[in-house]
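Please look through the sequence and the structure shown below. The paragraphs that follow lead from one part of the chain to the next.

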Amino acid sequence: MAEMGSKGVTAGKIASNVQKKLTRAQEKVLQKLGKADETKDEQFEQCVQNFNKQLTEGTRLQKDLRTYLASVKAMHEASKKLSECLQEVYEPEWPGRDEANKIAENNDLLWMDYHQKLVDQALLTMDTYLGQFPDIKSRIAKRGRKLVDYDSARHHYESLQTAKKKDEAKIAKAEEELIKAQKVFEEMNVDLQEELPSLWNSRVGFYVNTFQSIAGLEENFHKEMSKLNQNLNDVLVSLEKQHGSNTFTVKAQPRKKTKLFSRLRRKKNSDSAPEKGNKSPSPPPDGSPAATPEIRVNHEPEPASGASPGATIPKSPSQSSLPAVVVETFSATVNGAVEGSTTTGRLDLPPGFMFKVQAQHDYTATDTDELQLKAGDVVLVIPFQNPEEQDEGWLMGVKESDWNQHKELEKCRGVFPENFTERVQ
């Protein structure tokens with residue numbers, strides 16, 4: 001009998017819950033259709049919006065923090081492998097072996113300590129902070145349901161009071177249900193009205209505390225890691241001094257040894273040389289480099305009226321009929337001043353200038369078309385006239401000091417190994 005009674009209570013509770021859901025659904029439909037008014041609280045709705053925003057921000061912060069921790073762990077593993085590699089290649093008779101091993105051990109401990117402190121002081125605090133959101137979110141949803149129950153009870157009570165035939169017993173029961181629904185709703189509403197603004201304001205202190213902890217831990221970690229790196233550097237400097245004769249030198253990538261400039265000069269001479277026995281060769285066809293008049297900048301005053309001019313400035317040739325170098329260096333004179341290059345736009349730089357590099361190591365030229373470099377030399381990089389002539393790992397350029405002095409590419413330019421330089425502009 002007891003079991004039946006228990007089942008009966010359970011069945012009754014289920015039936016009651018089903019009835020509540022039906023009543024709430026009907027009430028919401030009436031409210032959406034505008035046939036029943038809905039209790040509104042704009043201040044509370046703003047609190048709910050803030051709550052949802054705060055939850056979203058916190059969830060993202062937790063996710064990013066976990067990603068950061070995973071990266072720290074990955075860096076720890078990579079650093080450990082690198083230290084193990086150094087220990088393996090460091091031969092027993094080399095000076096500083098014990099110190100290098102101790103540094104590797106301390107490096108490992110430092111990474112472990114950093115990761116653990118991040119977990120304790122940031123991640124666990126983050127988990128605690130977010131742990132309060134699910135319960136509040138559930139209570140917000142429950143408050144919404146109780147508000148619908150309250151509105152439904154209010155409308156039912158009002159409809160009984162305005163009915164033509166009043167049933168006092170039903171009215172009294174409806175009033176009792178209204179008071180009960182109102183009490184339940186207001187109790188939940190008051191609690192949330194106090195908690196939500198407090199939770200919203202707490203985010204400032206939480207963010208400050210979290211990021212201060214992360215910043216402080218990272219700062220201390222890098223300070224200690226910097227000390228270990230300096231100690232390791234000292235050990236390696238000592239090793240280098242003892243084995244200075246075996247110092248590693250930077251080498252350039254091998255070239256095809258095309259002797260670019262020598263070939264270009266031979267080609268130029270062969271193109272312009274007259275046939276044997278022909279003292280007066282016929283002029284080259286229009287549009288060829290030799291047919292292009294030399295363009296000079298005339299700084300002399302204009303001749304007096306009636307006098308023959310010294311030179312006539314030719315019209316700007318089309319780019320399609322002239323080689324790239326001629327087009328790039330073409331300029332006209334207006335009132336004795338040079339007026340705009342067609343491509344460079346800067347007269348203090350060589351035609352086709354792309355960027356600057358600075359030599360980090362000395363380089364001894366091994367061929368006539370190579371630049372001789374000293375560490376610190378600045379080189380103005382320009383394109384190859386024929387891209388097919390460029391070898392991998394080599395650039396074409398002219399030393400800035402030579403260009404400023406001569407302003408002649410043919411005399412100054414040359415190729416050089418890119419890995420001996422570093423881009424500065």
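**A guided reading of the chain**

Pro95 has a relative accessible area of 23% and is therefore partly exposed; buried means under 20% relative accessible area, exposed over 50%, and partly exposed in between, with a 1.4 Å probe and protein chains only. Pro95 is placed in the loop between helix 2 and helix 3. Helices here are DSSP runs of H or I with at least four residues, strands are runs of E with at least two, and both are numbered from the N terminus. Leaving aside neighbours within four places in sequence, Pro95 is in contact with Tyr90, Val235, Leu239 and Gln242, where contact means heavy atoms within 4.5 Å. Pro95 and Glu240 are 145 residues apart in sequence, yet 9.9 Å apart in space from C-alpha to C-alpha.

This is a predicted model, in which local features need pLDDT of at least 70 and side-chain atom pairs count only at pLDDT 80 or more, while totals for chains, interfaces and linings use all residues. Residues are numbered from 1 along each chain as its sequence is written, and side-chain values use heavy atoms, with hydrogens and water left out.

As a whole, the chain holds 9 helices and 7 strands. Of its 425 residues, 29% count as buried. Among the contacts in the chain with a separation of 6 or more, 70% come from residues 24 or more positions apart.

How do helix 2 and helix 5 cross? Their axes come within 10 Å and cross at roughly 15°; axes are lines fitted to C-alpha atoms, for helices over the stretch in contact, and angles run from 0 to 180 degrees between N-to-C directions. Helix 2 is therefore roughly parallel to helix 5, since angles under 35 degrees count as roughly parallel, over 145 as roughly antiparallel, 65 to 115 as roughly perpendicular and the rest as oblique. The residues of the contact of helix 2 with helix 5 divide into 18 nonpolar, 6 polar and 4 charged. In this division Ala, Val, Leu, Ile, Met, Phe, Trp, Tyr, Cys and Pro count as nonpolar, Asp, Glu, Lys and Arg as charged, and the others, Gly among them, as polar.

Helix 4 also packs with helix 5, at an angle of about 150° and with the axes 8 Å apart. Helix 4 and helix 5 are therefore roughly antiparallel to each other. By class, the contact of helix 4 with helix 5 has 18 nonpolar, 4 polar and 11 charged residues.

The largest nonpolar core has 36 residues, of which Phe51, Tyr114, Leu118, Met126, Ile136, Ile140 and Leu196 touch the most other members. At least two residues of this core come from each of helix 2 (42-89), helix 3 (97-131), helix 4 (133-161) and helix 5 (168-242). Such a core is a set of buried Ala, Val, Leu, Ile, Met, Phe, Trp, Tyr and Cys residues joined through side-chain atoms within 4.5 Å. In soluble globular proteins, nonpolar side chains tend to be buried together.

Not counting residues up to four places away in sequence, Leu118 touches Tyr68, Leu69, Val72, Leu123, Ile214 and Leu217. Tyr68 is found in helix 2 and, at 27% relative accessibility, counts as partly exposed. With the same exclusion of residues up to four places away in sequence, Tyr68 touches Tyr114, Leu118 and Glu218.

Elsewhere in the chain, Leu349 has its place in the loop between strand 2 (337-339) and strand 3 (355-359). Is Leu349 buried or exposed? With a relative accessible area of 12%, Leu349 is buried. Leu349 touches Leu380 and Trp403, not counting residues up to four places away in sequence. Leu349 and Asn404 lie 55 residues apart in sequence and 8.6 Å apart in space, C-alpha to C-alpha.

Lys407 is found in the loop between helix 8 (400-406) and helix 9 (409-412). Lys407 has a positive phi of about 60°, although Lys407 is not a glycine. At 39% relative accessibility, Lys407 counts as partly exposed.
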